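Subject: Structure handover

Hello,

Here is the structure I promised to pass on. Please open it first, then read my notes below.

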Amino acid sequence: MCLALPAQIIALDPVTNIATASVDNVRVEVSLALVDDVAVGDYVLVHVGYALNKIDEDEALKTLALFAEAGLTLNP
Amino acid sequence: MTPDGTVHIELYHRAGQASGARIASTRPDIAPLVLLGKTPEQILDIVPLLFTLCGNAQACVALLTCRAALGMTAEPESDAARDLLVQLETLREHAWRILLDWPGLIGLPPDKKALAALLKFDALFKRHLFRHGEAYKLDSCLDIDAVQLTQLTAELEALIDAAIFNGRLADFRTLACETQLCDWLSQNEALPACLLNDLYNRNWTAIGQNEVDCLPELEADALNRQMQQEDLAAFCRAPHWQGRCFETTPLTRQRSHPLIAGLQHHYGNGLMVRFVARLLEVAAIPLRLSRGIEQKPAPAIVSSTGGIGLAQLQAARGLLIHRLELRHGRVYDYRIAAPTEWNFHPEGVVAQGLKHLKAEGPNDLRRQAELLINSVDPCVLYNLKLTDSHA
């Protein structure tokens, strides 16, 4: 069973529908094919290279804080 | 490197003939790290944030575990509604990985429009089953809109029928033996038909076959007793039952289906049987959803003794176990044994299946290994390394 990682969109290419997202300050390429209306600064849940859904910032920060509390990420 | 960890798989071979497999996992055991000292209410806030992919199963079993540890009584009607949500999630997890992965296995592009449509049903079902869509709190209240649920279920079935079965879902549901399956596959352009025909054409139907048995139903008190006698962290990293490895997958749930029983006679627990078992679940779940909460849910087996709660239920990938020990109303210990750890145990069903692969060369061996892993758990993040043991 897999953890759901919140990632913040830091750049996106509307032509390819691929975004660059930051997960714990690691940059990853993410397909936006499964979500609508994503903008730079939004948080999305990422799994196997796809953004699964958009989540609000409060929920994303809470989740990141939990990962940080567990010592699994560097930054809350 | 991301915090969800990876299963590292090294497959030793000589010219495509497997000779051994080594599996090591860096997947974190996050529950005891995050939940220590929390109240049951906080557990039920935190678990859905951590596990969004199988979030319904995780949140549901967490709720059952908390209720058991607190000595609370069962809620049959609400739990039946929660079972519907877990079933819906199982369908979504199977279907979206079929739509995402299977086209690639046979050289086609994925149907992303259907994938996006699938992901939207969960919130809608919750909204029409529970007040404010809150299904997994100690004080959640049923608030059922039967008309909307019936409509949603019909829309979901139509989506599955069109996107996966190419309009032949009803025929697929009637299959009871391999001859009927082969008839269904004939002249059929549905995605599963393309994949299963490819397995027949390559003679890969029994690939991955091995002797690891399906996990029997575990009696909750006996499981709790076994866990109490063990190092819980070690158990959750590499679970076993009475000293043996078992698999827990859709095949475990579907093995009594006549089509699966017939296929197993020829192909053991190889690829054909695993992919068909998953398809049977995809085909059956819309019917279960259409019967609504009058259906008695599959029992989520719960054990409760002196502040310790243990619950288990069938999630998309297999059996999910939570065990909670409360002291003074707060978490003293919380453990999760997930199906990934049963199936990717160093001596488990994937390791044994990989050891028996025989391909014509390294490229085919890699493809067989990837198919086997996908057929057991299409969701797990893994790294596969092939090592020629005689190079």
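A salt bridge here is a side-chain nitrogen of Lys or Arg within 4 Å of a carboxyl oxygen of Asp or Glu. Keep that rule in mind for the contacts that follow. Please also note that this is a predicted model.

**Between the chains**

Start with Lys120(B) and Asp36(A). Their side chains meet in a salt bridge, at 3.6 Å from N to O. The rule finds two salt bridges across the interface of chain B and chain A. Polar contacts between chain B and chain A come to two residue pairs, with both residues at pLDDT 80 or more.

Which parts of chain B supply at least two residues each to the side that touches chain A? They are α1 (30-35), α2 (40-50), α4 (76-105), α5 (112-118) and α16 (339-343) of chain B. By class, that side of chain B has 25 nonpolar, four polar and six charged residues.

In terms of contacts, 35 residues of chain B touch 25 residues of chain A. The size of an interface is often given as the accessible area lost when the parts come together. Chain B and chain A bury about 2700 Å² between them. Carbon and sulfur atoms account for 74% of that area.

**The sheet in chain B**

Chain B has an open sheet of three strands. The order is β2-β1-β7, and the pairing is mixed. β2 (17-25) and β7 (382-388) of chain B stand at the edges. Each has a single partner strand, so one side of each is left without a neighbour in the sheet. Neighbouring strands in this sheet are turned by 20° against each other on average, direction ignored.

Strand β1 (residues 7-14) of chain B pairs with β2(B) in the antiparallel sense, over eight bridges. Within that pairing, Glu10(B) has Arg22(B) of β2(B) as its bridge partner. Helix α18 (residues 362-376) of chain B lies across β1, β2 and β7 of chain B. This helix runs at about 150° to β7(B).

**A hairpin in chain A**

In chain A, strands β2 (residues 18-23) and β3 (residues 26-31) pair in the antiparallel sense over six bridges. Ile18(A) has Ser31(A) of β3(A) as its bridge partner. β2(A) and β3(A) form a hairpin with two residues between them. Asp24(A), in the turn, has a positive phi of about 50°.

**One more salt bridge**

Over all chains, the structure holds 30 salt bridges. One of them joins Arg274(B) and Glu247(B), with the closest N and O atoms 2.8 Å apart. Why does this pair tie together parts that are 27 residues apart in sequence? Arg274(B) lies in helix α15 (residues 271-290) of chain B, and Glu247(B) lies in the loop between α12 (232-237) and α13 (250-254) of chain B, so the pair links those parts.

Best wishes

How values were computed. Residues numbered from 1 in each chain as written. Chains lettered and ligands numbered in written order. Predicted model: local features only at pLDDT ≥ 70, side-chain atom pairs only at ≥ 80, totals over all residues. Heavy atoms only, no water. Pairing = 2+ DSSP bridges. Helix = DSSP H or I, 4+ residues; strand = E, 2+ residues; numbered from the N terminus. Axes fitted to C-alpha atoms, helices over the stretch in contact; angles between N-to-C directions. Contact = heavy atoms within 4.5 Å. Buried area = accessible area lost by both parts, 1.4 Å probe. Polar contact = N/O pair within 3.5 Å; in protein donor to acceptor, adjacent residues only side chain to side chain. Nonpolar A, V, L, I, M, F, W, Y, C, P; charged D, E, K, R; others polar.
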